[in-house]
Amino acid sequence: MSTLVYLEHAGGEIDEPSLQALTLARAVAGGNMVAAVVACNSLLQAPSDALAGHGVSVVHVAEGETFESYAPRAVAEAIVELARRVGATAVVGPGTERGNEVFAHVAALLDLPFAANCVTAATSEDGADVTRVRWGGSLLEVARVHAPTTLLTVQPHAVAIETTADAAPEVEAFAPQLSDAARALRVVDRVGASTGGISLADAKVVVSGGRGAGSADGFGMIEELAALLGAAVGCSRAVTMAGWRPHTDQVGQTGTKIAPDLYIACGISGATQHLAGCKGAKRILAINTDPEAPILASADYAVIGDMHEIVPALTAAIRAAKSA
Ligand SMILES: Cc1cc2nc3c(=O)[nH]c(=O)nc-3n(C[C@H](O)[C@H](O)[C@H](O)COP(=O)(O)OP(=O)(O)OC[C@H]3O[C@@H](n4cnc5c(N)ncnc54)[C@H](O)[C@@H]3O)c2cc1C
């Protein structure tokens with residue numbers, strides 16, 4: 001029995017959703033060591049050191065020019081090649097947008113079912129029993145996956161990372177055999193996010209605006225508060241639909257899922273699809289004119305009032321406190 005885990009890296013470092021996937025993978029592996037595969041580009045730094053204490057025996061690094069940019073089919077082919085080589089009975093990965101896309105390709109290539117966004121998993125007689133997040137986070141589904149090889153991804157920020165006493169794993173590089181189809185999809189350009197260099201997904205504080213901001217210009221005060229707090233700017237879908245902010249700023253089911261220490265939601269009603277993206281926040285501060293707004297049920301703190309008055313007042317108070 002062998003469990004293979006696909007790891008992603010951000011800026012060269014193995015990211016948190018991947019380490020969370022490793023923790024759940026060890027449960028699937030019954031506590032045994034797992035093997036890991038990571039697609040390498042020139043940014044990847046010392047994966048062996050980063051994976052010490054995560055129960056990984058060998059980290060297989062897929063190398064090749066194709067992996068310099070995001071190439072989901074190519075990564076899937078690398079995973080499939082390795083899964084066959086190590087005789088994997090389970091293949092686990094992070095349930096990020098990219099992780100789920102890669103696993104959809106893996107499932108198609110292996111003609112197997114795939115359970116996305118799991119929060120628990122345990123092997124059963126003919127597959128695995130899983131609990132997974134469905135419908136944008138509004139329900140948890142308990143399911144049994146019947147398959148000779150269990151394919152699953154782990155819901156980001158739903159599993160706490162647990163470390164072990166294991167030493168750093170060996171690193172083995174390999175050059176996967178790729179089909180022509182693997183090279184068909186590649187990144188040709190990158191457009192910088194409007195979040196001032198702070199990634200929405202990783203930010204510790206996010207200041208977000210909704211329809212209540214009133215216009216694209218209404219985000220000036222949100223950007224100012226965010227800059228003061230070293231925060232990223234987010235928004236609701238009402239805002240991206242109005243063209244006030246780019247889709248890269250959207251928080252929610254069809255946007256980015258975030259888990260900051262603090263989420264400040266300004267003029268956002270708190271629709272289920274929005275909450276699906278921010279329910280991982282440790283604290284939520286809602287600023288809303290409507291005392292009945294649904295977001296208040298999820299908020300730890302609330303200010304009932306006009307964001308056009310509250311946000312500048314908050315910024316001024318923080319600025320004054322900082323310079324005192
Ligand atoms: C399949 C699907 C996927 C979706 N995915 C997403 C998603 O990923 N992310 C997302 O956000 N939405 C998503 N939506 C849309 C979602 O259902 C809501 O329509 C959207 O989140 C509403 O955005 P909002 O809260 O900014 O606007 P509204 O619902 O219009 O709320 C505006 C809020 O601002 C308050 N307000 C108004 N003026 C002020 C003021 N001056 N000061 C303070 N408060 C004020 C109001 O009281 C209200 O609560 C999705 C919908 C569907 C069907």
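**Entry 1. Location of the ligand**

I looked up where the ligand lies and found that it sits in the second largest pocket. I note that the model is a predicted one.

**Entry 2. The pocket**

I recorded a volume of about 290 Å³ for the second largest pocket. I then listed its lining, which consists of 18 residues. Ser 236, Arg 237, Ala 238, Ala 271 and His 274 are those nearest the centre of the pocket. I also checked which elements give two or more residues to this lining, and they are H6 and H7. Sorted by class, the lining holds 12 polar, 4 nonpolar and 2 charged residues.

**Entry 3. The shell around the ligand**

I next turned from the pocket to the ligand itself. I found 27 residues around the ligand. Those that come nearest are Arg 211, Ser 236, Thr 254, Ser 269 and Asn 288.

Which elements each supply at least two residues of the shell? I noted helix H6 (237-241), helix H7 (272-278), strand E15 (283-288) and helix H8 (307-323).

**Entry 4. Contacts with oxygen atoms of the ligand**

- For Ser 236, an N or O atom in the side chain is 2.5 Å from a ligand oxygen.
- For Asn 288, an N or O atom in the side chain is 2.7 Å from a ligand oxygen.
- For Gly 255, I found a backbone N or O atom 3.4 Å from a ligand oxygen.

I then asked how much of the accessible area of the ligand the protein covers. On its own, the ligand has 990 Å² of accessible area, and the protein covers 73% of it.

**Entry 5. Cross-reference**

I marked Ser 236 in my notes, as Ser 236 is listed among the residues nearest the pocket centre and also among those that come nearest the ligand.

Conventions. Residues numbered from 1 in each chain as written. Predicted model: local features only at pLDDT ≥ 70, side-chain atom pairs only at ≥ 80, totals over all residues. Heavy atoms only, no water. Near = heavy atom within 4 Å. Polar contact = N/O pair within 3.5 Å; in protein donor to acceptor, adjacent residues only side chain to side chain. Areas by Shrake-Rupley, 256 points an atom, 1.4 Å probe, with all protein chains shown as cover. 1 Å grid on protein atoms, 1.4 Å probe; cavity = no way out; pocket = protein on both sides within 12 Å on 5 of 7 lines; lining within 4 Å. Sits in = over half its atoms within 2 Å of the grid points. Helix = DSSP H or I, 4+ residues; strand = E, 2+ residues; numbered from the N terminus. Points joined across faces, edges and corners; volume = space filled by probe spheres on them. Nonpolar A, V, L, I, M, F, W, Y, C, P; charged D, E, K, R; others polar.
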